[in-house]
Amino acid sequence: MTEVLVRETVATAYRDHVDEQLVCVHVEQVTHDVRSITLALPEGAALEFRPGQYVTVTAEVDGQELSRCYTIASSPLQTGTLTLTVKRQGPVSTWLHDRLGVGDQLRVSGPMGVFSTYEHPAAAHLLLSAGSGITPLMSMLRTLVGTEGPHDVVFVHSARTPADIVFRRELEDLAAALPWLRVAVVCEGDGEDEVWRGARGRLTAGLLAELAPDAAAREVFTCGPAPYMDAVRDLLAGLGCDPARCHQESFVLDPAGAVLQGDGGLDDQGRADDAAGHGDAPATGARTHTVTLTRSGREVPCAPGQTILAAAAQAGLSLPSSCAEGVCGTCKSQLLAGRVDMRHGGGIRPREIAADKVLLCCSTPLEDCVVEA
Ligand SMILES: Cc1cc2nc3c(=O)[nH]c(=O)nc-3n(C[C@H](O)[C@H](O)[C@H](O)COP(=O)(O)OP(=O)(O)OC[C@H]3O[C@@H](n4cnc5c(N)ncnc54)[C@H](O)[C@@H]3O)c2cc1C
Ligand code: FES
């Protein structure tokens, strides 16, 4: 059934973040390898997040604590619950599929991220996704559906086969009900049980120009695997789209170290626009600084350009971390003294930065520092 999201109840409390165990209240198999998990907030509270933002979940998998980011696919207008839609990939996503059931608890922290329609209000949107990259765009669409218009949305989703189309029924129902929404799905090929009669192959310049001839007049949000985003970047440039109006997010962190998550527009490498620092300028003078870690009771040398997390690891200390890319927030710590240059990927909020929180995986000291870690 189509979910048209309207804030029906008055929330008992508004929360700007969670960092606690939430209870799983619903699970739904969306496709053969994608499952939605709905988590209840305490006392039916409303979490103030922006459509497109994500949370970090931490699960104990085979005796090891692992953290991963998942976009909140539901709308912030829906109070009391959060829905994450997870594709089965590796250890954590498989655990979420096979081990998390109704009534179980899951540690969740967030929200985080800057990839959101709220950051770039516009009269017309082009939402482009591939595979499980549909989740942030679905949160954006669901939010627009529940918000007073006028709206104008072209939603183009790419999938391998018809059986892989995430939220297929909901997208079809919404497109049939809403004159301002155009949905197109492109499948690479047929499914085992279904011959695909829509657009085939990959998204091309010709197809995109046909689906959204006015792409250059729209605010564009793209999410999918890195090769898809590279291709889309070129297609949008070919259609004359302004890079500043094109925003992208990838779920896969670049093994080379670049943060592909972010809202940087087409002309950057994906690092968040608002890379922030606890310091007036990036480190230019090259010298080793000492970092005092109060919880560990250690002092470690941090070489020029080295992050505090890397320096701690080099000194044999294993501090909590996951993505090592400034995205997941797992390494967030209190800076008690000193200044750092922090280049994050959306894993820390402005309010936290103002309160002297830092992400150790992407912070390099500008002077000797003291950190609660
Ligand atoms: C900001 C952000 C938001 C995210 N939101 C979602 C979401 O809404 N739904 C969701 O299913 N995942 C999402 N992810 C990906 C998620 O965090 C995990 O990376 C994913 O579930 C795999 O973790 P794992 O432990 O199961 O396997 P891992 O061992 O961590 O990964 C297994 C393999 O799958 C690859 N991989 C990971 N994610 C993808 C992907 N989406 N497409 C193709 N290959 C991939 C990895 O590179 C690795 O090779 C998001 C990631 C980020 C950074
Ligand atoms: S380990 Fe993910 S933000 Fe630092």
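Analyst: A residue is called buried if 20 or more other C-beta atoms lie within 10 Å of its own, exposed if 12 or fewer do, and partly exposed in between, with the C-beta atoms placed from the backbone. Helices (H or I, at least four residues) and strands (E, at least two) are DSSP runs numbered from the N terminus. The model is predicted, so local features need pLDDT of at least 70 and side-chain atom pairs count only at pLDDT 80 or more, while totals for chains, interfaces and linings use all residues. Residues are numbered from 1 along each chain as its sequence is written, and chains are lettered from A and ligands numbered from 1 in the order in which they are written.

User: How many helices and strands does the chain have, and what share of its residues is buried?

Analyst: The chain holds seven helices and 21 strands. Of its 373 residues, 44% are buried. Two residues are in contact if their C-beta atoms, placed from the backbone, lie within 7 Å. Among contacts with a separation of 6 or more, 68% join residues 24 or more positions apart.

User: Is helix 2 largely enclosed or open?

Analyst: Helix 2 is largely enclosed by the rest of the structure, because 12 of its 12 residues are buried. Among them are Pro 136, Ser 139, Arg 142 and Thr 143. In general, an α-helix has 3.6 residues a turn, so residues three or four places apart point the same way.

User: What span should helix 2 have at 1.5 Å a residue?

Analyst: The expected span is 1.5 Å times one less than the number of residues. For the 12 residues of helix 2 that gives 16 Å, and the end C-alpha atoms are 16 Å apart, which agrees.

User: Which residues of the largest nonpolar core touch the most other members?

Analyst: A nonpolar core is a set of buried Ala, Val, Leu, Ile, Met, Phe, Trp, Tyr and Cys residues joined through C-beta atoms within 7 Å. The largest one here has 89 residues, and Leu 127, Leu 137, Leu 141, Phe 155 and Leu 360 touch the most other members. Helix 2 (residues 134–145) contributes the most to this core, with seven residues. At least three residues of the core come from each of domain 1 (1–271) and domain 2 (289–372), the bounds being taken from an automatic or database domain assignment. Leaving aside neighbours within four places in sequence, Leu 141 is in contact with Leu 127, Val 153 and Phe 155.

User: Which residues are closest to ligand 1?

Analyst: A residue is near a molecule if its C-beta atom, placed from the backbone, lies within 6 Å of it. Ligand 1 is surrounded by 24 residues, the closest being Thr 71, Gly 90, Val 92, Ser 93 and Phe 251. Strand 6 (64–71), strand 7 (81–87) and helix 1 (91–98) each supply at least two residues of this shell. For its make-up, Ala, Val, Leu, Ile, Met, Phe, Trp, Tyr, Cys and Pro count as nonpolar, Asp, Glu, Lys and Arg as charged, and the others, Gly among them, as polar. The shell around ligand 1 has 11 nonpolar, 11 polar and two charged residues.

User: Where does Pro 76 lie, and is it buried or exposed?

Analyst: Pro 76 sits in the loop between strand 6 and strand 7. It counts as buried because it has 23 C-beta neighbours inside 10 Å. Leaving aside neighbours within four places in sequence, its contacts are Glu 48, Phe 49, Arg 50, Pro 51 and Thr 143. Pro 76 and Leu 47 are 29 residues apart in sequence, yet 6.9 Å apart in space, C-alpha to C-alpha.

User: Which peptide bonds deserve attention in the backbone?

Analyst: A cis peptide bond joins Gly 110 and Pro 111, with omega about 10°; Pro 111 belongs to strand 8 (residues 105–112). The bond from Gly 149 to Pro 150 is also cis, omega being near 5°, and Pro 150 lies in the loop between helix 2 and strand 10 (153–159).

User: What is the phi of Glu 43, and what is that of Asp 62?

Analyst: Glu 43, although not a glycine, has a positive phi of about 50°. Its place is the loop between strand 3 (34–40) and strand 4 (46–47), and it counts as exposed because it has 10 C-beta neighbours inside 10 Å. Phi of Asp 62, likewise a residue other than glycine, is positive and near 50°. Asp 62 is in the loop between strand 5 (54–61) and strand 6 and is exposed, with 7 other C-beta atoms within 10 Å.
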